[in-house]
Amino acid sequence: MPSSFKLFFQAVQARTYPRIAWLFRSNSWMIQETVLPVLAVSAFAFAYRAMNARPELTGYIVLGAAMTTFWLNVLWGMGAQLYWERDSGNLELYVMSPAPMTAILTGMAIGGMTTTIIRATAITVAGVLLFDVPINPSSWWLLVLGFGVTLAALYGLGMLFASLFLLWGREAWHLISVLQEPVYLLSGTNFPVSILPRAVALFASAIPLTLGMDAMRQVLFRTTGLFEVWIELSVLGGLAVVFFLAARRGLRYLERRAREEGKLTVRWQ
Amino acid sequence: MESPAIRTEALTRTYRKSRKRRWWWSRSKPEGDETREFVALDQVSLEVRQGELFGLLGPNGAGKTTLIKILTTLLAPSAGTAWVDGLDVVADAEKIRPIINMVSGGESSGYGILNVRENLWLFARIYGVPTAVAQERIDKMLGVVGLTDKATSRISHLSTGQRQKMNFCRGFITDPKILFLDEPTLGLDVTSARAIRAFVKEWMAEKPDRTMLLTTHYMAEADELCDRLAIIDKGKVLACDTPANLKRQVQKYPIYELSLAPGASSWDGVSKLPGVHSATATTTPTTVELKVSLLDEPAIGAVVQSLVMAGGRILTMKKVEPTLEDVFIELVGHGLSDEATAPQPA
């Protein structure tokens, strides 16, 4: 048997593969995932223009649209994924295998990140070119760091959702709906989050998307945000670690409960 | 003495039927809100020896799949204990997983976007099988099940039977020490099922320490493949022995069937011969079918002699062996095809 470290990476590679394959084999994603979000961005962009708003606000919504794709991927591609895997009969094969479930979730996260980065890049490029967004980052390195830490925190949260949703089953769909639209509002997808009341903004900071977008907007457009960039990135780094550890612990606990309650497999299988 | 590959002791699993959720504002308890339990496995004690091909025979809802799910660490027992390769299925689940694999007939696992080869590679990788070894085994297994020409087809384009064959391959590619096959030939055509049975025998013969637990409700399959088998119904093991011994249990006396040329009444005195338990005859337009039950097997010589001496012409003669179907009916009270109860979770 390979060492557990080696097996972890082999399992990550295996579970990343279907998502990367999807990127190259699915023909319709470019229209669904790029053109449609750009249309949504256009509505807000024209509204801002009609109000003679600062041009960087258009940049805010372009970035918001790009980052929203990650949030949707975390909810549907991570949170709900184990539930789907169970219905298709894959989950029991993963659980029965010697590979740790954290490796399977990491593979899902890396695959999801890769495909979503391409989608988000397409949206950003289209948005920037169409609406002439003024990009003037204070530091490219800080931007890349902010983006990386945001993704780590977001997908850590996704891994936590995946284990919770496995136990909640169908009720998880309701939670996903609850987490979708309100998060767009709380995280300031289409506006600067700093205009929210301070208490609401603080509450919203627990969502990695909020601080991640705010930090990247500050770096990209040299504006002020909710907190200093380094504070926001530190909090995001902390959230990433907390979410990952909670997901790991949660997975062990929930796998044990799911085995006891017979929820790892669907009964007709 | 060698420890058994699989052992269960008073293994029990109950499923709780889900209750309706009650909120704090629900004042009264709704009707039918009582917790109901269904016993899928009831005090099952079994032992499967290393190197054995052990069968579980039972109707739908008998508890076969529940037992396999417990042994493959997917389900926790409600009571009792089970060991796989000497390891406890609850406490040592992580140590058991590298040495086992399972294939379920009718499973729909895999990713439609990937082709057959890629899917098999993926499930080999999570067992740490190196890519080169996995590809070699994939080629071999696809040849066994006749799917070589579909290796690069996306599984979303496969028929149900082809998908089942692919899943059969998946179970063998990790070269498990203990393999669980849950209805592997369910719904497959005769030729494919035969090829799979032949491969199962060959695979078991290849390495003597391999163990296989097979569930099926095809009597002939169980009879052909299994060294020993357990008959299970409503969560209980009703009998466990070799197919030959099980059949022997239901046949108290050896039975011979003789086909005689028509017109002769030579069989009249057969039932009175010493060593004969009973004799019954059925007349057809072309033959007289004589069924003789013997107290003492050598008495068949006297039966034949008596028939010939009385002018009878024996066309054919054969010893009647009881089938597993007879054993099953004797133990369960009905055949597999006429199950009395509706399927329950298993």
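**View 1. A:Glu181 sits in helix H8 of chain A.** Helix H8 spans residues 171–186 of chain A. Helices (H or I, at least four residues) and strands (E, at least two) are DSSP runs, numbered from the N terminus. This is a predicted model: local features need pLDDT of at least 70, side-chain atom pairs count only at pLDDT 80 or more, and totals for chains, interfaces and linings use all residues. Residues are numbered from 1 along each chain as its sequence is written, with chains lettered from A and ligands numbered from 1 in the order in which they are written. Is A:Glu181 buried or exposed? A:Glu181 is exposed, because 9 other C-beta atoms lie within 10 Å. A residue is buried if 20 or more other C-beta atoms lie within 10 Å of its own, exposed if 12 or fewer, and partly exposed in between; C-beta atoms are placed from the backbone.

**View 2. A:Met159 and B:Cys169 in the largest nonpolar core.** This core has 155 residues, and A:Met159 and B:Cys169 touch the most other members. A nonpolar core is a set of buried Ala, Val, Leu, Ile, Met, Phe, Trp, Tyr and Cys residues joined through C-beta atoms within 7 Å. Leaving out residues up to four places away in sequence, B:Cys169 touches B:Leu120, B:Ile138, B:Met141, B:Leu142 and B:Val145. Another core, of 12 residues, lies apart from the largest one; B:Val270, B:Val276, B:Val292 and B:Val303 are among its members. In soluble globular proteins, nonpolar side chains tend to be buried together.

**View 3. The side of chain B that touches chain A.** Here 24 residues of chain B are in contact with 31 residues of chain A. Two residues are in contact if their C-beta atoms, placed from the backbone, lie within 7 Å. Strand S6 (100–104) and helix H3 (116–125) of chain B are the elements that give two or more residues to this side. H3(B) gives the most, with three residues. By type, this side of chain B holds 14 nonpolar, six polar and four charged residues. Ala, Val, Leu, Ile, Met, Phe, Trp, Tyr, Cys and Pro count as nonpolar, Asp, Glu, Lys and Arg as charged, and the others, Gly among them, as polar. The model scores ipTM 0.86 and pTM 0.84.

**View 4. The six-stranded open sheet of chain B.** The strand order is S6-S7-S8-S3-S9-S10, with mixed pairing. Two strands pair if DSSP finds at least two bridges between them. S6 and strand S10 (236–241) of chain B stand at the edges with a single partner strand each, so one side of each is left without a neighbour in the sheet. Direction ignored, neighbouring strands are turned by 15° against each other on average. Inside the sheet, strand S3 (residues 53–57) and strand S8 (residues 211–216) of chain B run parallel, joined by five bridges. B:Phe54 has B:Leu213 in S8(B) as its bridge partner.

View 5. B:Gly61 counts as buried, because 20 C-beta neighbours lie inside 10 Å. B:Ala40 is 21 residues from B:Gly61 in sequence, and 7.6 Å in space, C-alpha to C-alpha.

**View 6. The hairpin of S4 and S5 in chain B.** Strand S4 (residues 79–84) and strand S5 (residues 87–88) of chain B run antiparallel, joined by two bridges. B:Trp83 stands opposite B:Asp88 in S5(B). Two residues lie between the strands, and B:Asp85 in the turn has a positive phi of about 55°.

**View 7. The four-stranded antiparallel sheet of chain B.** This open sheet has the order S12-S13-S11-S14. Strand S12 (276–283) and strand S14 (314–320) of chain B are the edge strands, each pairing on one side only. Strand S11 (residues 255–260) and strand S13 (residues 288–294) of chain B pair over six bridges. B:Leu258 stands opposite B:Leu290 in S13(B). Helix H9 (residues 299–309) of chain B packs on the sheet and touches S11, S12, S13 and S14 of chain B. The direction of H9 makes about 150° with that of S13(B). Axes are lines fitted to C-alpha atoms, for helices over the stretch in contact, and angles run from 0 to 180 degrees between N-to-C directions.

**View 8. Confidence along chain B.** Mean pLDDT is 87, and 90% of the residues of chain B reach 70 or more. pLDDT is the predictor's confidence in each residue, from 0 to 100. In chain B, confidence is lowest in helix H10 (residues 324–332), at a mean of 80, and highest in H3(B), at 97. Residues 339–346 of chain B have pLDDT below 50. Where pLDDT is low, the predicted coordinates should not be read in detail.
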